Amino acid sequence: MKKLQDIILSHGTVLGKDILKVDSFLNHQIKPNLIKEMGEEFAEHFKDKNINKILTVESSGIAPAVITGLILDCDVVFARKQKSLTTDDNTYSSTCYSYTKEEMKRLIVSKDFLHEDENVLLIDDFLANGQAAKAMVAICKQAGANVAGFGIVIEKSYQDGRKILDDMGIDVYSLARISHMDGKDIEFID
Ligand code: 5GP
């Protein structure tokens, strides 16, 4: 998605070696028009997959997932990263190492909102080493739901996540694929 590549170049900042900061349009402030186009792209790619549920992770996956759900006309569930007072024990869960927080996180989804007859599209903001993605797939497995595909806003293709999902046979569709990141220099796979 050319517009996403352009805004990554104009507004993204590379922190250290491997973290892309995109707080001005995705991870803190949100640009609705850009998010709308992301949702349209995901919906177009996955429109023939009979998606009837979208699963994402709080918080940055929610905005693109909601637009996609609006177009595909299905409900959107977001995995919580911690129990809230309203969460009971009727949950599916899986732990993963958080790339940005550098600690183990538990992803939790209520059993009320994920079912074995569902065809699930997974959506997340970033794909790095695939830890969050693997936890989302594990949660779908626990529910007996089918993973129909994975929509990623920004994929860092030089890290392990893409290969892990490809090896699992999952249809991965990334809106921007970064092949190389080094200080100010960011390159994309077209
Ligand atoms: P993974 O589990 O694939 O290693 O990392 C994916 C998760 O870590 C995403 O859900 C995202 O929140 C976070 N993440 C990974 N890399 C980056 C990055 O370069 N920038 C930002 N902002 N988040 C990232």
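Reply: Start at Asp73, which is exposed, because its relative accessible area is 70% and exposed means over 50%. Keep in mind that this is a predicted model. Asp73 sits in the loop between α4 and β4. Most residues other than glycine have a negative phi.

Helix α4 covers residues 62-72. Which of its residues are buried? They are Ala63, Pro64, Ala65, Thr68, Gly69 and Leu72. Now ask what covers them. The cover includes two kinds of element. One helix is among them, α3 (32-46). Strands are there too, including β3 (53-57), β4 (75-79), β7 (119-127) and β8 (146-156). Find each of these in the picture and see how it sits against α4.

Next, pick out Ile67, which also belongs to helix α4. Set aside its neighbours within four places in sequence. Which residues does Ile67 then touch? Its contacts are Ile35, Lys36, Gly39 and Glu40. Take Lys36 as an example. Lys36 and Ile67 are 31 residues apart along the chain, but their C-alpha atoms are separated by 6.1 Å.

Now step back to the loop between β3 and α4, where Ser59 is found. The peptide bond from Glu58 to Ser59 is cis, and its omega is near 0°. Most peptide bonds are trans.

Glu102 has a positive phi of about 55°, and it is not a glycine. Its place is the loop between β5 (91-97) and β6 (104-110). Glu102 is exposed, because its relative accessible area is 61% and the cut-off is over 50%.

Now for the cysteines. How many disulfides are there? The count is zero. Cys96 shows why: its sulfur is 14 Å from the closest cysteine sulfur, that of Cys140, which is too far for a bond. A disulfide needs the two sulfur atoms within 2.5 Å. Cys140 is in no disulfide either, and its nearest cysteine sulfur, in Cys74, is 12 Å away. Cys140 is buried, because its relative accessibility is 0%. Cys96 is buried as well, with a relative accessible area of 5%. Buried means under 20%.

The protein chain has six helices and ten strands. Its C-alpha trace spans about 45 × 35 × 35 Å along the principal axes. Of the 190 residues, 47% count as buried. Consider contacts between residues at least 6 apart in sequence: 61% of them join residues at least 24 apart. The pair Ile67 and Lys36, at 31 residues apart, spans such a stretch of chain.

The chain exposes about 9,700 Å², and carbon and sulfur atoms supply 47% of that. There are 23 positive and 30 negative side chains, and the centres of the two sets lie 4 Å apart.

Methods. Residues numbered from 1 in each chain as written. Predicted model: local features only at pLDDT ≥ 70, side-chain atom pairs only at ≥ 80, totals over all residues. Heavy atoms only, no water. Helix = DSSP H or I, 4+ residues; strand = E, 2+ residues; numbered from the N terminus. Buried < 20%, exposed > 50% of the residue type's maximum accessible area, 1.4 Å probe, protein only. Contact = heavy atoms within 4.5 Å. Areas by Shrake-Rupley, 256 points an atom, 1.4 Å probe, with all protein chains shown as cover. Lys, Arg positive; Asp, Glu negative; His and termini not counted. Charge placed at Lys NZ, Arg CZ, Asp CG, Glu CD.
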